[in-house]
Structure formats: structure tokens, C-alpha cells
Amino acid sequence: MDDIRDRSLRLERDTATLARNTLCGVLILPPGTDEPLHLMDTAALLWDVLSESMTLGQLVDDLAAAFHIAPERVLDDISPAVSELIRCGAIGGDDAK
Amino acid sequence: MTRLKIDRWIRSLALYNLSAEPLPDDTFSEGEFQQLLKRTGEERLLGALAEAVADEALVLADDQVELLIEHHVDWLGHALRIERLLFTIAEVLASAMVDFRVVKGVALANVVYRDPSWRLYADLDVLIPSAQFDRAVHCLTQELGGVQEIPELRPGFDREFGKEAMLRIGRLEADLHRTFVTGPFGLTIDLDDLFTRSTPFTVGGVEVLALDPLGRLMHAMYNLALGDWPIRWGSVRDLLHCSADVDGSDDIVDVARRWRATAVIQRAAMLATDIAGLGDEHLLAELSALPVPRAQEWLLRSYLTPARSYSRPLASLAVIPGVRPRLRYARAIVHPGAAYLRSRGWTQRSHRTRALRRMFGVRRG
């Protein structure tokens with residue numbers, strides 16, 4: 001699966017994914033696995049921001065505005081983490097169209 | 001000196017954010033920090049240690065923070081697996097029309113503590129109504145492959161007199177509770193009270209129910225007064241947290257009177273007040289001054305002797321109403337079933353000998 005870059009993709013936390021704050025990020029347990037994932041840095045920030053459902057485009061634009069970085073650069077930075085969160089089932093990605 | 005320092009920190013962490021006392025202003029050597037980690041794990045206070053570091057109320061060296069993160073994440077991973085077990089169990093019990101309340105660690109972490117990451121736990125505890133107890137055990141063993149490693153004393157004992165059934169489900173432990181404690185004080189609780197009200201919370205998108213604030217406080221008091229000895233400092237922290245959710249002592253005193261548990265409440269309040277140095281204005285300080293009926297003092301003693309695993313059953317006979325129930329109870333205690341004895345590696349004879357030795361303080365040799 002290539003890293004996701006479709007800005008219209010709607011991202012939403014999977015409700016069955018359990019989570020706990022750690023001292024340096026978030027520990028999550030998505031469905032279908034017994035091994036928790038420890039999200040740090042970018043992935044932890046994404047998990048936090050995605051407490052509300054939004055499209056990838058909205059996410060990119062919000063982060064770009066907050067950190068004063070060009071949206072394309074934000075997309076390059078977060079795309080691997082978003083893709084990984086979708087792959088493990090912690091985040092659902094639906095085509096918003 | 002290290003032991004005293006660690007003891008001081010354990011007490012401070014138990015009271016962290018619950019009293020005006022600040023944390024001590026200490027740093028730790030490598031050896032001291034290892035001991036602190038070990039003790040906080042034993043006392044169920046590792047969450048409080050992590051909370052203090054997160055709040056920057058305690059500043060550690062970088063390598064100590066890394067070690068703490070490692071321990072904390074390990075416990076949290078276990079907690080998440082326990083919560084996943086909870087919603088599996090919730091589904092099975094709902095299908096079987098069995099009511100339940102989540103109690104102890106999972107409930108307190110999600111309902112009472114400001115962040116569930118600061119309250120760690122090792123297993124899942126749920127409270128089941130007596131009339132549904134056997135059905136709950138049956139469907140969890142059948143549907144989820146749960147194994148009850150120590151069976152009930154005799155068939156039918158647990159639903160009428162028992163405290164809990166412990167089930168191993170995969171690598172995890174689920175404790176199905178019928179009442180708060182073994183012995184006489186577990187038998188005088190009006191268990192229907194515990195299912196009248198509830199506090200909902202959500203785990204993984206599934207709504208489950210905890211006890212209401214008064215029920216949680218009562219449970220925390222029973223746990224402190226009659227549970228582990230020496231007491232676990234985490235139990236003190238739990239009680240202090242739960243006491244903040246209840247307004248005034250009238251309802252507590254009323255329930256304690258109806259449950260014939262004033263001695264339990266008074267003892268728990270006294271322990272917490274002494275340990276935490278609570279002022280007279282605190283709810284628990286007020287409850288520690290309750291007069292205790294003499295009959296309850298006698299029942300309480302049955303929990304505090306070294307032979308309590310035998311003195312409690314004897315004391316229980318005093319509170320069980322009716323001749324036939326008393327006979328059923330006595331028969332189960334004196335003559336447990338073969339399955340129970342086998343699970344313990346005992347015979348009838350060795351069971352009786354052990355009981356007599358414990359009751360009369362007779363030593364071997």
C-alpha cells in the first residue's frame with residue numbers, strides 16, 4: 001500500500017481502538033492485534049488531532065496553518081504515519097466523495 | 001536510609017494531588033530508583049509516579065524517565081488487553097441477559113481518576129447479581145473458554161455464599177464477584193443496593209456500567225479495611241479519590257447501618273485518616289469517629305487474626321439467617337467437594353488438620 005495522499009479521504013478514529021496516554025506519546029490497541037503500538041511524535045500528534053473526524057485535506061491545512069509550513073510539506077511529513085494508522089486499523093479512511 | 005526514603009515517597013505518591021503536601025524534593029541514585037520502581041509496582045502506585053513526572057512535579061534523570069516509560073507502557077499494554085476482554089465479556093453477558101457492574105481497577109481508572117493512564121491494574125473485576133452468578137460463570141467458560149482453576153467449595157456455594165469466581169481467559173484473569181469480601185461482612189451487604197444505580201462509561205465504543213459513587217466508596221472502604229495486610233498504598237489512594245465523589249456522611253452511615261458494616265467503614269476511615277494525616281474536616285476523619293457495635297467488633301476480629309481463612313467462615317455462621325442455609329454453609333466449609341480439594345492438592349483429612357492447626361495455633365514438630 002503506497003502512502004496515502006488523497007486529500008478527500010475522510011479520516012476517523014476506529015471506536016474499537018483502545019488508547020492510553022504515555023509519558024512520550026500514546027499507546028493504542030487496534031482491533032485484531034494483541035500487541036499495542038506506541039505512537040510518538042508525528043503519529044501521536046495525528047492521533048490526538050483525529051479525535052474529531054476530518055478529511056486528510058482538512059488535517060493538512062490545519063497543521064500547515066498551526067505550524068506555518070507549506071501544505072505539501074505537511075502532507076509529505078504526515079502521509080507515512082497516516083498510512084500506517086490506517087493499515088493497522090486504528091484509523092478508518094473513507095472516500096469523502 | 002534508602003528504605004526510609006522510598007517509604008516516604010510511597011506515602012507521598014499515594015497522596016499525590018489529594019493533599020496539600022508537596023512531593024519531597026529528592027533525586028534518586030540508580031539503585032534507589034530501581035527500588036522505587038519495584039515498590040510502586042507492588043503498591044499499585046506506578047501510575048501515580050508517572051502522573052507526577054507528567055505534571056513535572058518530579059524531575060528525573062533522562063535514563064530514569066526512559067526506564068519509567070518502559071515499565072509504564074508495559075502495564076498500560078496489559079490494561080488495554082484487559083479492557084478488550086471487558087467488551088468481549090460485556091457482549092457475552094448481554095446475550096445471556098446477565099447484569100453486571102465493572103468494579104475496582106478498570107472502573108476506577110475510567111470513572112474516578114483524571115486520566116486512566118494514572119491507574120494501573122492487573123485484571124478485570126465485574127460484580128454479578130447472585131441470582132445470575134452461575135449463569136455468568138457458565139457462559140464465560142463455555143463461550144470464551146474461561147477456566148475456573150479453583151472451583152467452588154461445593155456446587156451452589158458461590159451463588160449463595162461466595163465472594164468471587166476467578167476465571168483465566170487466555171492469558172488474562174477475570175474475577176466475577178458476587179460480593180465485596182469473603183466472610184461475615186460480605187454476607188451482610190444488601191447486594192441489590194449495588195444494582196439499583198450505576199455510572200456509565202465507554203470502553204472501545206461500548207457502554208458499560210460501574211457502581212454509583214456511593215457504591216464505589218463503600219467498595220473502596222471494604223477493600224482497605226478487610227483486604228491486603230499490610231495494606232497496599234494504592235488502596236489508600238483509591239479510597240481518597242472515591243471519597244471526593246461523595247457529599248457528606250449521612251448516606252454512607254445509613255448504608256453502613258443497613259449492611260451491618262459500621263465497623264468496616266470506621267476501620268477504613270481510621271486507616272486512611274491516620275496514614276494520610278487528614279484533618280478533622282475531611283469526610284473520612286468524621287467517619288473514623290463512628291461508634292462501632294460490639295457484635296461488629298467481634299466480626300471484624302475474624303478478619304484480623306492469622307487464622308482468618310478459618311475464623312471468617314466460623315464468624316459467617318453468626319450472620320447467615322436460617323438453619324438450612326447455615327447447615328449448607330457449614331457443610332461446604334467442613335466438607336468441601338472433591339473437585340475443590342483436588343484443585344488445591346488437598347485431601348479431606350489434610351484440609352481438617354490444616355484448619356485445626358490454624359484455629360488453635362498448633363505448630364508442627
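## Aromatic pairs and salt bridges

At 9% relative accessibility, B:Phe161 counts as buried, because the cut-off for buried is under 20%. The model is predicted. B:Tyr329 is buried too, with a relative accessibility of 5%.

**Aromatic pairs**

Over all chains, the aromatic pairs number 10. One of them joins B:Phe161 and B:Tyr329: the ring centres are 5.0 Å apart and the planes stand at 80 degrees, so the pair is edge-to-face. This pair links distant parts of the chain, 168 residues apart. B:Phe161 sits in the loop between helix H7 (157-160) and strand E3 (164-169) of chain B. B:Tyr329 belongs to helix H16 (residues 323-334) of chain B.

B:Phe180 and B:Trp259 also pair edge-to-face, because their planes are at 70 degrees, with ring centres 6.2 Å apart. B:Phe180 is in the loop between strand E4 (172-177) and helix H8 (184-187) of chain B, while B:Trp259 is in the loop between helix H11 (250-258) and helix H12 (262-276) of chain B, so the pair ties together parts 79 residues apart in sequence. Both B:Phe180 and B:Trp259 are buried. Elsewhere, B:Trp9, B:Phe28 and B:Phe33 form a cluster linked by ring pairs.

**Salt bridges**

The structure has 33 salt bridges over all chains.

| Residues | Closest N to O distance |
|---|---|
| B:Glu164 and B:Lys163 | 3.4 Å |

B:Glu21 lies in the loop between helix H1 (2-14) and helix H2 (30-42) of chain B, and B:Arg11 in helix H1, so their bridge ties together parts 10 residues apart in sequence. B:Glu21 is partly exposed at 40%. B:Arg11 is partly exposed at 24%.

The bridge of B:Arg114 and B:Asp55 spans 59 residues in sequence. B:Arg114 is in the loop between H5 and E2 of chain B, and B:Asp55 in the loop between helix H3 (46-54) and helix H4 (62-95). B:Arg114 is exposed, at 53% relative accessibility, whereas B:Asp55 is partly exposed, at 34%. B:Glu164 is partly exposed at 23%.

A network of salt bridges connects B:Asp190, B:Asp193, B:Asp254, B:Arg257 and B:Arg258.

**A buried charge without a bridge**

B:Asp115 lies in the loop between helix H5 (104-111) and strand E2 (124-127) of chain B. B:Asp115 is buried yet has no salt bridge. The nearest side chain of opposite charge is A:Arg20, 5.9 Å away; a salt bridge needs a distance within 4 Å. Apart from neighbours within four places in sequence, B:Asp115 contacts A:Asn21 and B:Ala109.

Conventions:
Residues numbered from 1 in each chain as written. Chains lettered and ligands numbered in written order. Heavy atoms only, no water. Phe/Tyr/Trp six-rings, centres within 6.5 Å; stacked < 30°, edge-to-face > 60°. Helix = DSSP H or I, 4+ residues; strand = E, 2+ residues; numbered from the N terminus. Buried < 20%, exposed > 50% of the residue type's maximum accessible area, 1.4 Å probe, protein only. Lys, Arg positive; Asp, Glu negative; His and termini not counted. Contact = heavy atoms within 4.5 Å.
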